[in-house]
Amino acid sequence: MFNLKANKIGIAILSLGMTLQVSAQGKGSDSLLTTLKQELKYSMESLSKQKTAPYFMSLRLQDSKMVVVQSNLGVASADSSRQRMVTPQIRLGSYELDNFKYKNQGSGATGQNARNGQGVLIPLSGQVIPAMRQAIWKETLRRYDVALGNLEQAKSKTLTGQDNEDKAPCFSKAPVESYYEEDLAEGQKHIDINFWQDRLNKITNVFKQYKNIEQGTANIQFEVYRNYFVNTDGSEIVQNRRVARVMISASVMAPDGMNCPLNQDYLSYTLEDFPSEAQMIADAKNMVERLEALRNAPIADPYTGPAIMSGPASGVFFHEIFGHRLEGHRMKSGGQTFKKMIGQKLLPETFNVFCDPTLQYYHGNALNGYYKYDDEGVKAQRVMNVTNGVLTNFLMSRVPLEGFPQSNGHGRMVGGNDPVSRQSNLIVETSKPYTDAQLRKMLIDEAKKQHKPYGYFFKTVTSGFTLTGEGGSLNSFNVTPIEVYRVYVDGRKDELVRGVDMIGTPLSMFSNIAAAGNSISTFTGVCGAESGWVPVSASSPMIFVSKIETQRRQKEDQQARILPAPELKNTEVKVAEPTTDVKAKRAADDKTIFAAMADELQRTQQKLFYPNYPKAFYVDYNMARSQEFEVMASLGGIVKAQKNPVIAMGGISLKLGDYQNTSDMKPGQFANLYFSSEVDYDNIRRELWKASDMMYKYSLNSQAYKQNYMQNNPRPEEEKGIPDMLAMKPNVNVDAQPKDPISYQKLENLAQKLSAIFLKYPALYNTYVNIHCKNSDIYRLNTEGIKQKACNGYAEISAHANVRTSSGSTLNDRYYRMVTSDKELDEAALIADIEKFAERLMEVKQATPLNDFYIGPMLFEGDAVAKAVANYIYPIIVSYRSVQENSSMGSLVWGKCIIDKKLSLTQRGDLANYKGMGLLGYYQNDADGLKPQANLPIIKNGILEHLICGRTPSINCMETTANDRFYTDPTNVIGTDAVPGVVALTGTGSMSMNKIKQAFLKEAKAQGLSTAYIVREPAGFSSCLYKVDVKTGAEQMVLVQDIPQLGKSDFMHILGTSSDENVLNTVRKAVGTTVIAPRAMIVESIEKYLKKPKTDKPFPVENPLEK
């Protein structure tokens, strides 16, 4: 399936002229190009020594920068990203038969990710080359393994399969090319964000004034690419691409619930040559008029008859039903529509069709499919596909067809995919153009001839897809028109209709094309297929077709809104201004957010209902404003450093009925929604209005379903008196400022320093450091009078590395630490931790493999105990109840012994820090504004005494413990859930670390063992296994496939715990929590097959850094 997304362009643009001549000095000093050539040579020479050696290799590097500025109904935001990705291609076998014969992608990606193959990221700054060399080596090894498997499958399928009709070689030779463009000047790589925010706000403010608007956005996407390509033929290509595209989108909802969208876009290779602000505003106003007409237009019935397609509509039409069937590799499988039709007439003899990537402009329109060399290093060229109506050529990559042995410069890809033949700039021309009036007369005459009351005029389309018969699909197409007019034969005024899908099969549709108009229009977009989403354009005149077929679009599952949109409060256009007083702005934002929530909450509670149906008794609005920053570094080079714009997400819970019997089948039913990044009263109210409407209708359906379910499945007697939800008293608690938030400034430098440590350890590979930081402000307002604002933040620091052990096993390891405040980002301590991590991996490298079946005591140290509490004890101690499941297991084991009587578990509501470490599970008040008890005994001497409870009561748990917690990561889901805060596991008779080891050895000796085992998992590190001599206490690190872990049943048989403690900050059910647990614990008996790790085959290419 393929998709073309975009809309018509109607502007004149001057040539950018940014291509520069080859500069020997620039080319020679380009370290990226030099490294690509060196690593390609090194990999090819190394792999040539293998039994199955490559006959061809290439490396592609894409350095991409993207800036997106967007405005949503007068509120703007901006985001930017940059990355460098290297993608190797390895061909094994020969030109005649290789690993790409039946699989045209070598990334190994399958299923939904098959079109999203990934290369490997390399640094943007810092020490670029070491990490670049290791990354290329790593990805080359991975793709070589994929290639080996694909080659064997290709050989087998060729011998035994039926799908071998294609006798052409798998790959073709191509001329050796050398082309180098200087890098763009820095000024050409930047865009004035404030300028575009102001302009786009003015455009979308037009939509804001329109009361029926559902969605009204405008964005500019500014892209800068620098693409490198080298291959073993000797080609070297370095070229730039700089392009910007403005897209204006708006939609309305018709009275029957159908969504009616319109789009307008503009493409330019210079920022200065876009249409004026006044023109864009005028276009937006024109869209409003057309949207109102669409909203009130009748729905079309299925139709067969004549039609005229406008230039943009026919451009999409030709792209979908014709262009994809010209792509050469599609002639090897599937429908192969045109494979045997070369030299035959397809169109009227007045028609010519060609693809030309060398055209940057055509009839005054910028073309998105412009390039100088394709992604296989082949020079771009015009391809005449249809000449005087006769099919003459296909679009070819370096994958040949019978009769078409060479590429014509159309091997294209994006990301980490492999190139296949794809469209570029598809252009339809006619030698006999007709005027609009002449085409209209043809339409009416043909409709009369076919005894039709009207013909169709397709004015605009939004997208389309086609199925070419590959994978057993039907050979068909579907184009989605938006504005379609009935042109009546009796002279009545043309009538706009909606809900039309144009469908059909390609050959029958082509046989009905009769004539073309005299003016060219261009449809610009991106096209998705096996090799990713590539930029394309389709230019065409108006087309007259004697017969087309349409169907009624599938009905959308929605109804018109119950309430009208809220009245606008701010009608003036927002102007981007720098923030000077951060504290004052936060206070103003808080005031605006709560005002918008309160006003819409009141309207929802009082007026949101259908006649003769109930109102909501409970409405809960949540909003979170979160900002993330992520840094990734490898060997001292910054691979990624991205500060995302604020993500403002909302959650709505709306319930019918009462507290005893709500409309929900289970607790936690929230509808998620998104707000603009900038705080805006009108935006917040509009989104709350739409989501409230949706949740009210959902609750009506849910209530009916629940009533029916309860009639057929009555609650057990012991459950009948328990309410579905606990009522809460009004409570106001607003945190004005976050406490010691994580700062973004020092993270990039920190990640770079930490990753550079691995330069001292060349035996370790796939090394990188990742720091992910998030700060959030969470707001809540509900109909009970609960008004809350909570501030939280955390940072996750992780380091990753692989090592090949002396025994031939490949192991990967990770260091992980979570901090809750800026002061915990102790650079010296983190450097020491990463050095310990690397040193321990070097110890692992020399560790002895082990085969043993062990029954006996085991000592667990470090985070192992705390993790087991979170994994296995938490699910028991939290109250939960639903209609279908009733009360949870915890209610049934309340009052019973669930762990060893030496152990107790207490929730510490008073503990914010532990020995200088911030505790992620600490909170002053829960989401209901309640303060947790300072010391809540959950388990005492093994007996479960209290269940953790938020809003959902259950058997033996009828009161809240103030554990209704806000989600820590509100960018994924927003709402509340019952999760423990800070819990402490303690044991009676605890002892020092030295004494607990002695007790462990004593128990092992008592059980008649000569050796025993310790699972050691220091804070932040993964676990390692140590074999211990019971007599001497000497330890030896050993390697096994699966290191033992503590399970729930192990907590019933504890021999001793340490007095020293470990602290684990972690996330459970999207909520932050902390476990304080003994640093060591002896389990009486563990039965485990300790299996020797498998031995991996040697690397076919040696790590260049280790070499």
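## Close-up views of a predicted model

View 1. Arg951 is placed in the loop between β42 (943-944) and β43 (964-966), where helices (H or I, at least four residues) and strands (E, at least two) are DSSP runs numbered from the N terminus. The model is a predicted one, in which local features need pLDDT of at least 70 and side-chain atom pairs count only at pLDDT 80 or more, while totals for chains, interfaces and linings use all residues. Residues are numbered from 1 along each chain as its sequence is written, and side-chain values use heavy atoms, with hydrogens and water left out. With a relative accessible area of 8%, Arg951 is buried (buried means under 20% relative accessible area, exposed over 50%, and partly exposed in between, with a 1.4 Å probe and protein chains only). Leaving aside residues up to four places away in sequence, Arg951 touches Tyr618, Tyr659, Asp724, Met725, Leu726, Met728, Arg780, Asn782, Glu784, Ile786, Asp928 and Asp964, contact meaning heavy atoms within 4.5 Å. Its side chain makes a polar contact of 3.2 Å with the side chain of Asp928; such a contact is a pair of N or O atoms within 3.5 Å, of which, within protein, one must be able to donate a hydrogen and the other to accept it, and residues adjacent in sequence count only if both atoms are side-chain atoms.

View 2. The side chains of Glu483 and Arg290 meet in a salt bridge at 2.7 Å, N to O, the term denoting a side-chain nitrogen of Lys or Arg within 4 Å of a carboxyl oxygen of Asp or Glu. Glu483 belongs to strand β21 (residues 475-488) and Arg290 to helix α5 (residues 277-295), so the pair ties together parts that are 193 residues apart in sequence. Both Glu483 and Arg290 are buried. Elsewhere, salt bridges that share partners join Asp620, Arg780, Glu784, Asp928, Arg951 and Asp964 into one network.

View 3. Over the whole structure, the search finds 61 salt bridges, including the one between Asp63 and Arg84, whose closest N and O atoms are 2.7 Å apart. Because Asp63 lies in strand β2 (residues 54-72) and Arg84 in strand β3 (residues 75-92), this pair ties together parts that are 21 residues apart in sequence. Asp63 is buried at a relative accessible area of 10%, and Arg84 also counts as buried, at 11%. Asp265 and Arg245 likewise meet through their side chains in a salt bridge (2.8 Å, N to O); Asp265 lies in strand β9 (residues 259-268) and Arg245 in strand β8 (residues 236-253), so parts that are 20 residues apart in sequence are tied together. The relative accessible area of Asp265 is 0%, which makes this residue buried, and Arg245 counts as buried at 16%.

**View 4. The open sheet of seven strands.** Seven strands form an open sheet of mixed pairing in the order β34-β48-β47-β46-β35-β52-β49, two strands being paired if DSSP finds at least two bridges between them. β34 (848-849) and β49 (1054-1057) stand at the edges with a single partner strand each, so one side of each is left without a neighbour in the sheet.

View 5. Six bridges join β46 and β47 in the antiparallel sense, with Val1028 in β47 as the bridge partner of Ala1012. Their hairpin has six residues between the strands, and Gly1020 takes a positive phi near 90 degrees there. β47 and β48 also run antiparallel, joined by four bridges, and Lys1027 stands opposite Gln1036 in β48. The hairpin of β47 and β48 has five residues between the strands, with Gly1033 in the turn at a positive phi of about 80 degrees.

**View 6. Helices lying across the sheet.** Helix α12 (residues 827-845) lies across β46 (1011-1017), β47 (1024-1029) and β48 (1035-1039), at about 75 degrees to β48; axes are lines fitted to C-alpha atoms, for helices over the stretch in contact, and angles run from 0 to 180 degrees between N-to-C directions. Helix α13 (residues 864-877) lies across β35 (852-862), β46 and β52, running at about 95 degrees to β35.
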